[in-house]
Amino acid sequence: MQIYLPIAEVSVNAFLLLGLGGLVGILSGMFGVGGGFLMTPLLFFIGIPPAVAVATEANQIVASSFSGVLAHLRRKTVDLKMGTVLLIGGLIGAALGVVVFNYLKSLGQVDLLVKLCYVIFLSVIGGMMFVESLNAIRNTKKGKAPKRKKHGWIHGLPFKMRFRTSGLYISVIPPLIVGVCVGVLAAIMGVGGGFIMVPAMIYLLGMPTKVVVGTSLFQIIFVTAFTTMLHATTNFTVDIGLAVLLLVGGVIGAQIGTRIGVKMKAEQLRILLAMMVLAVCFKLALDLFLEPSELYSLGPGGGH
Amino acid sequence: MWRWLIPLMFLAQPALAAEEVVLGLSQDQVAITATYNGSEILIFGAIKRDGPVPEGPPLEVIVAVSGPDKPVTVRRKEKRYGIWMNIDSVLVDSAPSFYAVATSGPFDEVLKDVEDLRYKVSIARAIRSVGAAMSIKDAQSFANAVVRIREHSNLYKTLEGAVSVDQQTLFRTSIAMPSNLTEGVYSTRIFLTRGGEIISIYATTIDVKKVGLERWLFNLSRHNPFWYGIMSLAIAIAAGWTASAVFQMLRRG
């Protein structure tokens with residue numbers, strides 16, 4: 001069934017979009033990532049204008065994250081306190097990121113920067129997670145208890161706070177910094193930032209993997225809601241028709257994904273996410289290094 | 001020689017008014033509804049003339065449908081430091097969002113190049129670029145890229161031999177409008193030619209408009225962006241909550 005999208009001004013197959021939404025929703029529920037880094041390229045591929053894809057994607061992530069968070073809240077795997085701290089950092093970062101983005105836009109080459117950002121971050125994060133979780137799986141097979149580093153330099157910082165759900169007693173400074181960094185990147189790269197946030201919470205803050213997913217989703221809701229409003233009021237690029245199609249699939253997928261995620265071991269979850277991140281990274285790197293079949297690209301003209 | 005040519009020229013002159021188009025359109029409005037998936041417009045008509053069919057080369061018909069003009073920035077990638085990045089860009093300051101030209105025969109036979117240059121009938125002539133910087137030598141290749149990319153996505157098309165002409169009096173053609181149509185006024189021009197020279201032009205318009213829900217949503221997003229955003233978020237939250245509640249019930253039940 002074909003549906004004409006009012007803002008994107010293209011006609012698309014409704015079932016294809018429902019399916020895509022569902023697929024990304026499952027990943028979102030499993031890993032606590034918004035799925036924007038996967039969905040946005042997919043939407044480009046089926047012919048949605050990039051500006052509309054990025055803006056609408058943010059709206060869809062609100063829905064699937066909300067659905068996922070409710071499922072996690074019932075299992076008490078959301079650290080609301082930590083989420084709030086990360087969110088405060090995230091909003092500050094997002095505001096900074098918009099400034100940086102506009103500055104780079106005036107220089108040109110934003111596209112390239114965004115892609116380079118993706119490739120660098122995805123490869124570093126994906127590679128680290130892959131190696132780490134592979135080791136963890138080997139260790140559990142050998143019967144060794146997984147080690148958790150307890151006292152690092154992070155524990156020497158002031159403003160300590162107790163995060164009961166995560167079982168942590170650490171300073172609020174590291175989570176705030178993580179929030180700001182993710183916020184900046186999220187604004188520049190146009191994603192919720194879950195795929196950076198999740199590894200950062202696991203490796204930098206030492207949060208348990210089970211809590212990380214729910215907490216990440218919790219803060220993504222607010223960041224993407226903010227982004228949606230920003231796009232809707234400044235660029236008029238949120239396509240409600242596209243959003244509804246994607247989010248119907250997305251919210252169902254998120255529920256399924258959360259259930260799959262609960263049944264899986266933390267290391268398996270991490271290694272799968274690492275593999276997915278590396279795959280997306282590989283695809284983006286190919287675009288940068290191989291000669292494209294079409295050297296020319298069209299964009300809206302007369303910006304100034 | 002000249003004695004022959006001058007009377008011929010006088011003969012050719014009145015022909016410009018002697019043959020005229022009487023046009024019919026299957027629809028002069030395309031309504032984009034939520035389930036719009038492309039449409040076909042039938043363009044047909046007859047030639048009205050005062051006398052008998054003139055001698056000489058047969059009558060040919062060209063139909064050109066053109067969407068609203070919009071500027072387009074064309075960027076070209078080049079390899080720098082091992083990475084393919086956008087280097088040069090040219091502003092094509094006017095390119096129709098849609099352009100279809102249907103002819104009754106091979107294009108270069110039904111229309112002379114001079115006439116094409118004057119009336120901008122062919123695709124290559126219908127787009128205009130002046131924004132090329134001095135540093136870019138091959139600005140034409142950027143304009144060509146617009147044509148190539150849009151032909152590839154079926155937005156620009158040359159349909160040679162798609163107009164059928166009957167008895168030099170009746171003609172008809174159908175033009176398929178793609179599903180990714182943009183709103184606006186689509187100008188439709190019909191040219192009558194003989195021996196490659198244009199003898200009559202008829203112009204009309206086809207209105208492409210969003211209607212119903214599409215119209216309402218589009219207007220809301222432009223005039224009340226804040227509430228449109230709030231509405232989008234409300235739908236998202238409601239959908240997320242509904243899915244969660246339904247799954248919870250399924251698990252219990």
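How many residues of chain B are in contact with chain A? In this predicted model, 48 residues of chain B are in contact with 49 residues of chain A.

**Chain B**
- Chain B contains seven helices and twelve strands.
- Of its 253 residues, 32% count as buried.
- Among the contacts in chain B between residues at least 6 apart in sequence, 72% join residues at least 24 apart.

**The side of chain B that touches chain A**
- A total of 48 residues of chain B take part in contacts with chain A.
- The elements of chain B that each give two or more residues to this side are strand 5 (69–80), strand 6 (83–96), helix 5 (139–152), helix 6 (212–223) and helix 7.
- Helix 7 of chain B gives the most, with 15 residues.
- By class, this side of chain B has 28 nonpolar, 14 polar and six charged residues.

**Helix 9 of chain A and helix 7 of chain B**
- The axes of helix 9 (residues 240–263) of chain A and helix 7 (residues 225–252) of chain B come within 9 Å and cross at roughly 25 degrees.
- Angles under 35 degrees count as roughly parallel, and helix 9 of chain A and helix 7 of chain B are therefore roughly parallel to each other.
- The crossing of these two helices is right-handed.
- Residues making the contact include V244(A), L247(A) and V251(A) of helix 9 of chain A, and A236(B), G240(B) and F247(B) of helix 7 of chain B.
- The residues of this helix contact divide into twelve nonpolar, four polar and no charged.

Key: Residues are numbered from 1 along each chain as its sequence is written. Chains are lettered from A and ligands numbered from 1 in the order in which they are written. This is a predicted model: local features need pLDDT of at least 70, side-chain atom pairs count only at pLDDT 80 or more; totals for chains, interfaces and linings use all residues. Axes are lines fitted to C-alpha atoms, for helices over the stretch in contact, and angles run from 0 to 180 degrees between N-to-C directions. Helices (H or I, at least four residues) and strands (E, at least two) are DSSP runs, numbered from the N terminus. Angles under 35 degrees count as roughly parallel, over 145 as roughly antiparallel, 65 to 115 as roughly perpendicular and the rest as oblique. A crossing is left-handed if the near helix is turned anticlockwise from the far one by less than a right angle, and right-handed if clockwise. Two residues are in contact if their C-beta atoms, placed from the backbone, lie within 7 Å. Ala, Val, Leu, Ile, Met, Phe, Trp, Tyr, Cys and Pro count as nonpolar, Asp, Glu, Lys and Arg as charged, and the others, Gly among them, as polar. A residue is buried if 20 or more other C-beta atoms lie within 10 Å of its own, exposed if 12 or fewer, and partly exposed in between; C-beta atoms are placed from the backbone.
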